[in-house]
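Please look over the sequence and structure before reading on.

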Amino acid sequence: MILINCPYCGEREQSEFTNGGEAHVIRPKDPDILNDKDWGQYVFYRSNPKGIFYERWVHTHGCRKWFNVVRDTSTDTILKIYKLTDNKPDISEFQSTLKSPSGEPIVGSGNFAVKK
Amino acid sequence: MTKLLSADGVDITQKNFQQILIRGDGKDQFNQVVNKEISLQPPSKNLELKTNDKCIFAKNSFDQWTLVYLVEQDYKEILKIISNLNLNDEILASDYSYGQVYFEVLGKNKNEFLNKLTQFDLRDKKFPDFSMAQTLIARIDCYIYKLNEKYIITCNKSYEDYFKKRLIDLINL
Amino acid sequence: MSALKNKNCNYISNKEIKITFDGRSYSAYEGDTIASALLRNNIRLIGRSFKYHRPRGIYTCGIEEPNALVQILNEHNEPNTRATIKRAYEGINICSQNRWPSLSFDIGSINNILSPIFSAGFYYKTFMGPKGFWKKIYEPLIRRTAGLGKPPKNFRSKSIHQNHNVDILIVGGGLSGLLAARKLIDTDKQVLLVEQDSFLGGILNNSNKVKKIDGKNTFEWIQETEKLILKSNNIKILKNTLVTTYNFTNHLIALEDKFSGKKIDINKSELTLHKIRTTHTILANGHIERFISFRNNDLPGVMLASSFEKYIERYGVVPDEKPAIFTNNSSTISLVKSLINLNCKPCAYIDSRKKEDIEDETKEYLIKNNIPFYPESEVEGCEGNKKVEKVFIRNNSNKISSINSSMLCPSGGFNPDIHLFTQSKGLVKWDEKINSFKPDTAFQNTITLGSVSGNYEFKNLCEEINKKLSFLKVKDLNPEIETNIRDDFSIEELWETKTDKTSKWAKSFIDLHNDVTTKDLKQAINEGYDRIEHLKRYTTNSMGTDQGKISSINSLGIVSKILNKKISEVGTTTYRPPYAPLSFAAIAGRSTYEYYDPERKTPIHNWHIKNNAVFEDVGQWKRPWYFKKHETETMHQAVQRESKQTRRSAGILDGSTLGKIEIKGKDALEFMNLMYTNAFTKMKPMTSRYALMLGEDGMIMDDGIICKINDKHFIATTTSGGAPKVFAHMEEFLQTEWPHLQVYLNSITEQFTTFNISGPRTREIMRKVFTDIDFNNEKFPFMTFKTFNYKNTEARIMRASFTGELGYEIYISPQYALELWELIFKHGKDFDLVPYGTETMHLLRAEKGYVVIGQETDGTVTPIDINFNWMIGKKKKDFIGKRSLTRSDTVRDDRKQLVGIIPLNKSQFIEEGQHVVECENLPNKIKTPVEYLGHISSSYHSPNLNHCISMAMVKGGNKLMGKKLFVSTPKGTKNIPVEIVNPVFIDPENKRLTS
């Protein structure tokens, strides 16, 4: 169970939060002009990398604030927490902070094969 | 006011308070309007609370405040304040006077006792005096206000029986 | 109690207690564990092994015990209790496991004779056929014989959880842990020290390796340290508490046994699960001794050397006065000294190292005390009838001699206890000096101190502690530690000794718990399982409840030799929590039975109870399901009565559980238009509208009634279960997608109590209760609402109903809710008002063809599927779900659509969940799937129509009106003939509703 530093309330237990899926998925301004395939991409498809992941969380049992998080999904380490209105941090910011838990290959971003 | 339990350095009393929940943007106009109605400037710092003999005024969230009256007011007055606040488009005030239940918690072992029901960090350095928090206690959404040496915990009234049962159950185990 | 007592032991009192083992009574002392109590009575045989039912004795003195697993009959009879940990008390009643009819004569030992069949991977190769044998013969037989103990009795635990938030957690109250704690006394750090034993001290109590600290004897030093810690205001101690799990982010779980050494008080919690969140973790949890594999290394009478020493020093009992000792390292001499101090003498000291590598002090001491010394020798094996009787020693010229002995104490070296460290995702490294794995790189804020970090020498300890805790900026500690033995640690690698016996029955064990022999390891590697994770699972090595604590590193050593690889290349398997068996009762804590989920009750709850309501759970709410008019009324009778009476006169339902959300702001109208399908722009103020909320995929998510106070102020209701979800959904879009909209939301579910009253006589009742309001149809039309003052509170009445009858929804402050409810009944009596519950509500709405979210809809239903096209605001540019309604999938005309179904034979009843099909009879043997046209989503016996009515979702249903089809039944193959009809069964013109 990880600790999440809510931008409003400070460090709280994970159980107070709800994960909100991938971040920076913007609702199309004009859905009517999209064909089924492109609209379906927005409604149904999300990425799921092992490694650096940009996602959203909401402090459900607290202040109700939504915020963005950069998390390393292979180690559950939270690398950065930023506001919804901030720019998406560049991936190069996180390369040096990556650590590998025992047994796992060193990870970067994107999908990785199983450990050798 | 009813005494719920008193044992092992933990004292819990159930009380009834009236309350107004206010949503708004916390900017100058909001502060002016609110100050005019209730003669108190809304706290601006996250989770800060102001208190006097009459009430507690706390900022719960980036856009939400609660005003809890510690002394019973003429209910008509409260309703008037609410409808005056609601005249403004940028404010939503809701009456929370009779739908909540309140517990006052005192005692030197209150932190250890409450930590049987919640993971929230109650230590002074993480939860200073005159601040508040929204969190889960006994898996119920609660507001917890920290005043000098005591907590006021409140949640929806529908949970009243269950919450009381949990408190009494745990003190005996 | 025939075994020799060590009177110098500080932790065993003189108070005698009586215990029962396998039906016989024995004496012991207060403070004994079951194991030490049995050893005091010279009981060597304690159980039978898992697979082969070989006789087994007490092997160790701690949590790592693989053999001495017993059941406590006078408690909950939990199986696999470690006799080496569980403390005895007056009246404890213990029995051994896995044997029948008795320990000494166990029929299961036939498995030992059949053992060549039960070799590695046996589970994967056998019981394949013939067909049918698995279900009828193998499985029942295996179930009878599998497992070690018997299941526990039925009981309700009272275990609780305790959360902690600290700055530093010290795991282990031994020498390293206590020194670290001393450094932290009266600093500004909040510290928690956790120790699994009932006393602090660790190695200081368990061995006689340390003589004095700062001139005081160890017992005095421990007491002084404990006093200092207790006096401090920042350190707390938990004893009898074992840390089992190390998670992210420095979150640890520990289990406390609150009744250690006492009989359980069933009125108190017997276990506490401590959940500790800390900034720094200091692991000072020590080391575990490992064994050596040799022929018959599992006989009762074989016990690890430092465990034997722990029985003497910590538990005050000498298990045997002249044991043979077999070692490959320099530490075992302290056991010899313990024995000599009590005028006992080992019958042999067998050291596998070369004579010149053995410490001079050791050699001198052995010679001085006349102890038979066998350097450069190893134990070839031991033999005896259910116990060690002879020990065979191979010397450096390869000659084997035998000695008589009743106890053999091997020591294969020491492993830093890295379980918790690796659970924290730290990396370990092989260390040649100690011949074991030790912590290398921490992944979290973890510090290791003492033997767990691979530091086996006391002279380095203070420097290590001062260095690793230097970030704390406190004064250095430098107590003088005086040892009884030479401090340098030396070890020579030895995993398994050679045996000359080649018979199939000669066994050298690598895992005592699961009966895995070294031959099994070799066989598995021969069969191709040479990766350590495969090998573990194929042989079940280290998969027992002891997790191979005394043997798994040995297996890596053996495997590395066979594969000719370095141990670091072979690697370890993943250490998973918990470190020791953790009961589900402790994990569940108090959230069981009536506390399983928070319960929510409305202000009218007590009235419902007084009026014989039977409740059902709707989410966390307790809602009346139906009301029993008299004791023998069945649910069916009650529901029929309530439904009939509501349509005949009037009925009232407590609808307080439905969610209510207040929505206000400059952009409220635009927001509502985006969240729901309906068009709200032209809606008049003070009117209400039934609305649908869709997901972005076009599927119905929730429904409700929207009251428009004005364009900037709305109140929305939601389903009871959906309230938090809808609120969160609205907040999400306001914060993430449309922050430019100025709208605020408040949940007011609990701030108003809601009554739903409906039926032809409702108007008359309302006129009597609310004398100031004009309820005439023209003045108070359908789907409008009024606010008014009730005893100086703001109340609202909306004209709407879910039953299809003339009806109203009353919203009242909880302050006056019960009073108003009773007033309504006072007047309603004259008009035959009946209280009804959720079941009747479902029946009445089904008669009108109204859908229930979650019953007709299941996340795959669009508004068009249920004939609600009219609810979609066609002129709206956008709303959530709009685009998805024109996806190729959502415009198919063979989608399942809402229809009504009635049986052709009015006496037949259709069950919910059954299938709509075209065939009259299901074939007896189904060779090809029967085509499924739809399913019955709701079905009731209508008392108002006197036959069964059903709602169903059927493919292309809209085009099937009047068609004759069939519905399956739960029993038998004859289907019910039915007709597809309009789902509105009563008053299709809505005359009753709108007049």
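This is a predicted model: local features need pLDDT of at least 70, side-chain atom pairs count only at pLDDT 80 or more; totals for chains, interfaces and linings use all residues.

Residues are numbered from 1 along each chain as its sequence is written, while chains are lettered from A and ligands numbered from 1 in the order in which they are written.

**Overall build**
- Chain C has 25 helices and 51 strands. Both are DSSP runs numbered from the N terminus: helices are H or I with at least four residues, strands are E with at least two.
- The radius of gyration of chain C is 38 Å, whereas a compact globule of 995 residues would come near 30 Å. The radius is taken over C-alpha atoms, and the globule rule is 2.2 Å times the number of residues to the power 0.38.
- Along the principal axes, the C-alpha atoms of chain C fill a box of roughly 115 × 70 × 55 Å.
- Of the 995 residues in chain C, 51% are buried. Buried means that 20 or more other C-beta atoms, placed from the backbone, lie within 10 Å of the residue's own.
- Take contacts in chain C between residues at least 6 apart in sequence: 67% of them join residues at least 24 apart. A contact needs C-beta atoms, placed from the backbone, within 7 Å.

**Domains**
- The assignment for chain C, automatic or from a database, includes domain 4 (605–656 + 752–846) and domain 6 (892–994).
- The C-alpha centres of domains 4 and 6 of chain C are 31 Å apart.

**A three-strand sheet**
- An open, antiparallel sheet in chain C has the order β12-β11-β30. Strands pair if DSSP finds at least two bridges between them.
- Its edge strands are β12 (216–217) and β30 (481–483) of chain C, each pairing on one side only.
- Strand β11 (210–213) of chain C pairs with β30(C) over three bridges. C:Val210 has C:Thr483 as its bridge partner in β30(C).

**Contact with chain A**
- Chain C contributes 24 residues and chain A 19.
- Helix α21 (723–737) of chain C gives the most to the chain C side, with six residues.

Key: Two residues are in contact if their C-beta atoms, placed from the backbone, lie within 7 Å. A residue is buried if 20 or more other C-beta atoms lie within 10 Å of its own, exposed if 12 or fewer, and partly exposed in between; C-beta atoms are placed from the backbone.
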